[in-house]
Every structure is written in structure tokens, then in C-alpha cells.
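Please keep the sequence and the three-dimensional view at hand while reading.

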Amino acid sequence: MQLDRLFENAGSQAPVVGLTHGFYRYPARFSPQFARAAIEAFSKASETVMDPFMGGGTSAVEALGLGRRFLGGDLNSLSVFITRTKTTPLTRADEENVLSWARVMAKNGTVRSWHAPPDEWAPYQINTPWWLRRAIHHAILGAQELSANRRQEDFARSVILKTAQWALDCKDATPSSRRFLVALSANTEAMLSALRDFSSRLGDAFQDPPLRALRHRRLIHCDASAIGEHSRVPQDWLPPKLILTSPPYFGVHILYHRWQVQGRRETPAPFWIADSKDGMGASFYTFGDRQRRTMETYLTRLQACFASLVKIMDKR
């Protein structure tokens, strides 16, 4: 029965929705239905599910929601930020503070009264219209006031990230700063509701308060070729029961690190919003330049990653 469900969902074209999957449209996501079916078919509660190319965290959300330990890694710091915010519950006090932040943002001044972003982030704001740069920076400044609690600031930044992606990525027309803040407020409420659902699932799966259940999660910013030897990997979590992953595809141009704005112009604004100075080019994430016609570089990188994974696997 479980294998039948796995085969049925392997080619699922259903929208990526439910729990916290809608927090961000990460490129090349696989379906939650497929991830859930694979985890249920090949692992049991409290066993380790691993994703060394975790991307937008689909496997993390599903594994934790099913009561599995999750060990994930990615060489993209944006991936780690997104997955962390998707899988970190908030308390009632956290929610109230985040809602208060969103309400203040929606009512606070006009675009010309807001500060311009600092120069240190200027390389990450290229091709972003000036009024949205100011609106985003205004929202980030408000999020930073929540910095006494990392959960709250990260969640607020994830709301800004989702709203800015809606406003900029692959859009011909850019919304006004006022529309941006209205969308920010709506996204805050919708994302809090989704996170409550995930938190409830997490608490039920581990029979623990949701925040305490996070001891079953490890998210590591590293190359897949190094994850097996990383100091943050608990040795008693190994070998993983299931490795569920999707590495980069050869010859497929995917922007893991930028948004495409008004045609072919690109912006690395996601890293600014996530407070992560990344600075890597596209070929770093795709195992080779998109102009390269041979597979040598791609296969060399992929072989190094898989060789590292083989060392921590067992025959099962």
C-alpha cells in the first residue's frame, strides 16, 4: 500500500501547499506528497531522514511532521534560512510580537519618509526599484527590533522574503510600496496560521512541546561532500534510514540565489532580506557554468558529494 502511494505521488504535479511549504517558492521543489509517501514507506518514527541538498526544506517539513529526526544540509545559506524558519515553531508571545510588527509596518509613514538602505547591502539591491528597496529596508528595520528573540526576527524576515518574492520575482509590473506593506500584513497572518498547523503536527508526532521537539532537527550550511564529517551531526543519528534528496540537474538553468526582475535582470535581494552575505555565482550552486556543454565539472562535483554520502550509509 505504501509503495503504491509512493509510485502514485512520484510524478505529482499538485501545487506545493500545506503546512509551511508555501513560505517561499524555492526553485526545483519536489512535491510534499512524494516526500511524505517516501518517508512513510522507508522509515519509522524516530529514525533519521537525511537531505544533503535540502533546498526549500520540503523533506524537512514532512520528516519532522511525521516524527522522524531530520538531518539536512545545503551549500546555499538561503536554503538554511528558509528551512529553519519553516520548521521553527513560535510561542503565543512570539506571534503577538510579530503581529504587532506587521501592524506597525502597515501604518508607519510613507516611502519618502523611510531611510534608504545602508551602502553595505547595495550589491544585493541591484535591479530592485528604489521604492521597494526602501519598503523592504523599512520592514527589515522593524524586524531587527525583534532581535532579542531570533525566532521572531527570522519569522518576520521570512514574511518580508515571501512578500518581496511576490513583488519582484518574474514580475513585469512592480507594486507600490503601499501594496507591498498591505501584502506583508496579509502574509504575516497566513504564515502564522500555517506555522500553527505545523507546530501542532510536530508536537503530536514527538509527544513533546513543539519547541522542544526541535532537538530532532539539524540544519547545516555546508557542501554535501562534507556533511558526513560535520561536527554538528550527532553520530548516534547515523546511518540515516532514508536519504531523500534532489541534487542540481545538469544543463538546467535555475536561479537558486537570485530573483529575475522585469525580464532578464537579476537581483540577489533574497540574501539581503535573510541577512546573509553570500556572494557566490550561479555556477557555485549548479555544479558548473550554464554555458558549459560538457558534464565533467558537474559529474566531478556530484561524485564527491555521493562518495561522502556512501561513507555514512549502510547496506539497508
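Helix 3 (residues 58-65) and helix 8 (residues 177-206) pack with their axes 8 Å apart and at an angle of about 45°. That angle makes helix 3 oblique to helix 8, since angles under 35 degrees count as roughly parallel, over 145 as roughly antiparallel, 65 to 115 as roughly perpendicular and the rest as oblique. This is a predicted model, in which local features need pLDDT of at least 70 and side-chain atom pairs count only at pLDDT 80 or more, whereas totals for chains, interfaces and linings use all residues. Residues are numbered from 1 along each chain as its sequence is written, and side-chain values use heavy atoms, with hydrogens and water left out.

**Helix packing**

- Axes are lines fitted to C-alpha atoms, for helices over the stretch in contact, and angles run from 0 to 180 degrees between N-to-C directions.
- Helices (H or I, at least four residues) and strands (E, at least two) are DSSP runs, numbered from the N terminus.
- On the helix 3 side, V61, L64 and G65 take part, and they meet F198, R201, L202, A205 and F206 of helix 8; contact means heavy atoms within 4.5 Å.
- The residues of this contact comprise six nonpolar, one polar and one charged. Here Ala, Val, Leu, Ile, Met, Phe, Trp, Tyr, Cys and Pro count as nonpolar, Asp, Glu, Lys and Arg as charged, and the others, Gly among them, as polar.
- In helix 2 (residues 32-42), the buried residues are P32, A35, A37, A38 and I39. Buried means under 20% relative accessible area, exposed over 50%, and partly exposed in between (1.4 Å probe, protein chains only).
- These buried residues of helix 2 pack against helix 1 (2-10), strand 1 (48-51), helix 3 and strand 4 (242-243).

**Cavity and pocket**

- On a 1 Å grid over the protein atoms alone, a cavity is a set of points where a 1.4 Å probe fits but cannot get out, and a pocket is an open set with protein on both sides within 12 Å along at least five of seven lines; lining residues have an atom within 4 Å of a point.
- Grid points are joined across faces, edges and corners, and a volume is the space filled by probe spheres set on the points.
- One cavity of 30 Å³ or more is present in the structure, and the largest cavity holds about 320 Å³ of space.
- Its lining has 26 residues, with F53, G55, D74, S246 and Y256 nearest the centre; by class, the lining has 16 nonpolar, six polar and four charged residues.
- The largest pocket holds about 250 Å³. Among the 17 residues that line this pocket, G251, T286, G288, D289 and R290 are the closest to its centre.
- Helix 10 (residues 282-286) gives the largest share of the pocket lining, three residues.

**Buried side chains**

- K86 belongs to helix 4 (residues 77-86) and is buried, with a relative accessible area of 1%. Apart from neighbours within four places in sequence, K86 is in contact with T20, H21, F23, Y24, G56, V61, L195 and F198.
- H137 lies in helix 6 (residues 130-144) and is buried at 8% relative accessible area. Not counting residues up to four places away in sequence, H137 touches H115, A116, P117, P118 and W272.
- Q152, in helix 7 (residues 150-168), counts as buried at 6% relative accessibility.
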